[in-house]
Amino acid sequence: MKFATKVIHAGVEPDPSTGAIMTPIFQTSTYVQDGPGNHQGYEYARTQNPTRTALQENLAALENGTDAVCFGSGLAAMDAIIKLFQSGDSVLASNDLYGGSFRLLDKVFKQFGIQNKLIPMQDIQLIADNIQENTKMIWVETPTNPLLNIVDIEAVCQLAKQKGILVCVDNTFASPYLQNPLDLGADLVLHSATKYLGGHSDVVHGAVITKNKSLAERLYFIQNASGAVPGPMDCFLVLRGIKTLHIRVQRACENAKAIAEFLKTQPRVSRVLYPGFSDHPGHEIAKKQMRGFGGMVSFDLVGGNEDEARKVLSKTKLFACAESLGGVESLIGHPASMTHASLPKEERQKSGLTDSLMRLSVGIEDVDDLIEDLKQALLE
Ligand SMILES: *Cc1c(COP(=O)(O)O)cnc(C)c1O
């Protein structure tokens with residue numbers, strides 16, 4: 001089955017009891033059994049729910065995996081993954097990790113003895129040099145937020161295989177429409193379905209996908225044992241969002257390209273970060289591992305001062321100033337004061353995250369209107 005068919009049909013069957021074409025929202029906590037242990041595969045809704053099962057099967061198909069395990073948020077999914085490890089183990093992750101992922105590793109799991117080390121992941125040799133005896137997993141995010149750095153997934157996986165280490169790729173920014181890490185050798189894929197998969201900024205949800213049966217069994221166990229499960233309504237919303245994933249992401253990619261090119265011509269804009277540009281340091285790798293360059297664009301102002309960035313942010317009308325990304329509507333954010341405020345300024349500056357950097361999540365509105373909006377916001 002091709003991708004555009006999978007988003008609509010994988011895991012989804014008309015409801016056998018009524019013929020309803022859309023997967024019902026099974027809003028129930030328990031299921032009646034004919035006698036103790038004599039049931040139809042469903043006992044208690046933390047353990048299994050048919051709406052969740054349909055979504056899990058759909059997500060497994062989209063990432064070319066065998067199993068998907070869903071959670072109440074992207075971070076709950078990550079929490080389950082890190083629970084595969086034990087005290088004394090260490091996770092090697094990229095230094096421009098999503099802020100919440102860093103917080104979970106550093107402020108929660110470290111307390112239980114699971115260590116982490118953060119390094120830039122564009123240099124494979126540097127990754128090799130930082131693997132220690134207790135390194136159990138390499139955590140990759142690509143493209144990264146908000147600098148849109150690209151990590152070579154295949155190269156990281158080859159290195160990890162030699163060393164017997166697992167690789168998890170946070171595929172939230174690319175979505176399965178543009179990138180499939182399992183095909184490149186990754187063991188696990190994480191999604192914050194809150195973003196492109198849900199796609200309408202109306203649900204918080206997360207998932208892990210794998211084709212390794214023993215990892216899947218372990219994750220189902222943790223899903224049930226720790227209990228951070230999503231509700232059936234949220235599973236329904238994600239399933240519904242996914243049906244248009246390919247069309248939404250395709251349009252977001254087209255709009256982002258036009259906007260990146262427009263920004264490049266603006267005298268007030270000092271740099272535009274967009275992996276689709278041939279002078280982007282990760283361009284060739286992005287071309288190799290992605291089917292498009294995504295809907296995210298970051299840009300900076302000449303002179304680089306925060307007040308001027310704030311003025312631009314306050315002047316956009318279609319681009320709403322908000323956290324998150326991947327919805328149908330366009331958003332603009334100021335990473336230094338919003339998503340990345342918890343990073344010390346020195347660390348931010350070192351990685352190129354200046355105080356005037358702005359991040360766009362380009363939506364699927366008419367691109368002429370979006371460009372017009374940025375044009376007027378950039379007027380001094
Ligand atoms: C939003 C996000 C997360 C966390 O997901 P939630 O659904 O908000 O818990 C993880 N990784 C990336 C890249 C994200 O953008």
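What takes up the space of the largest pocket? The ligand does, where a pocket is an open set of points, on a 1 Å grid over the protein atoms alone, with protein on both sides within 12 Å along at least five of seven lines, and a molecule sits in a pocket if more than half of its atoms lie within 2 Å of its grid points.

The model is predicted, so that local features need pLDDT of at least 70 and side-chain atom pairs count only at pLDDT 80 or more, while totals for chains, interfaces and linings use all residues. Residues are numbered from 1 along each chain as its sequence is written, and side-chain values use heavy atoms, with hydrogens and water left out.

**The ligand and its surroundings**

The ligand is surrounded by 13 residues, the closest being Gly74, Asp170, Ser192, Thr194 and Lys195; a residue counts as near when one of its heavy atoms lies within 4 Å of the molecule.

| Residue | Protein atom | Ligand atom | Distance |
|---|---|---|---|
| Gly74 | polar backbone atom | oxygen | 2.8 Å |
| Asp170 | N or O atom in the side chain | nitrogen | 2.6 Å |
| Lys195 | polar side-chain atom | oxygen | 2.7 Å |

Taken alone, the ligand exposes 380 Å², of which the protein buries 92%, with areas from the Shrake-Rupley method and a 1.4 Å probe.

**Strand E7**

Strands (E, at least two residues) and helices (H or I, at least four) are DSSP runs numbered from the N terminus. Strand E7 covers residues 206-210, and because five of its five residues are buried, E7 is largely enclosed by the rest of the structure; buried means under 20% relative accessible area, exposed over 50%, and partly exposed in between, with a 1.4 Å probe and protein chains only. Gly206, Val208 and Thr210 are buried on one side of E7, and Ala207 and Ile209 are buried on the other, so that both faces are covered.

Two strands pair if DSSP finds at least two bridges between them. E7 pairs in the antiparallel sense with strand E1 (residues 67-71) over five bridges, and within this pairing Asp67 has Thr210 as its bridge partner in E7. Strand E6 (residues 188-192) also pairs with E7 in the antiparallel sense over five bridges, and here His191 stands opposite Ala207.

**Backbone geometry in the loops**

Most residues other than glycine have a negative phi, and most peptide bonds are trans. Against this background, the loop between strand E4 (135-141) and helix H6 (153-163), which holds Pro143, deserves attention. A cis peptide bond with omega of about -10° joins Thr142 and Pro143, and the peptide bond from Asn145 to Pro146 is likewise cis, with omega near 0°; Pro146 lies in the loop between E4 and H6. Leu148, found in the loop between E4 and H6, is not a glycine and yet has a positive phi of about 55°; with a relative accessibility of 3%, Leu148 counts as buried.

Ser324, in the loop between strand E10 (320-321) and strand E11 (331-333), also has a positive phi, of about 80°, although it is not a glycine. Its relative accessible area of 29% makes Ser324 partly exposed.

**A contact across the sequence**

Phe221, in helix H7 (residues 213-226), is exposed, with a relative accessible area of 52%. From C-alpha to C-alpha, Phe221 and Ala80 are 9.6 Å apart in space, while 141 residues separate them in sequence.

Note on methods
A polar contact is a pair of N or O atoms within 3.5 Å; within protein, one must be able to donate a hydrogen and the other to accept it, and residues adjacent in sequence count only if both atoms are side-chain atoms. On a 1 Å grid over the protein atoms alone, a cavity is a set of points where a 1.4 Å probe fits but cannot get out, and a pocket is an open set with protein on both sides within 12 Å along at least five of seven lines; lining residues have an atom within 4 Å of a point.
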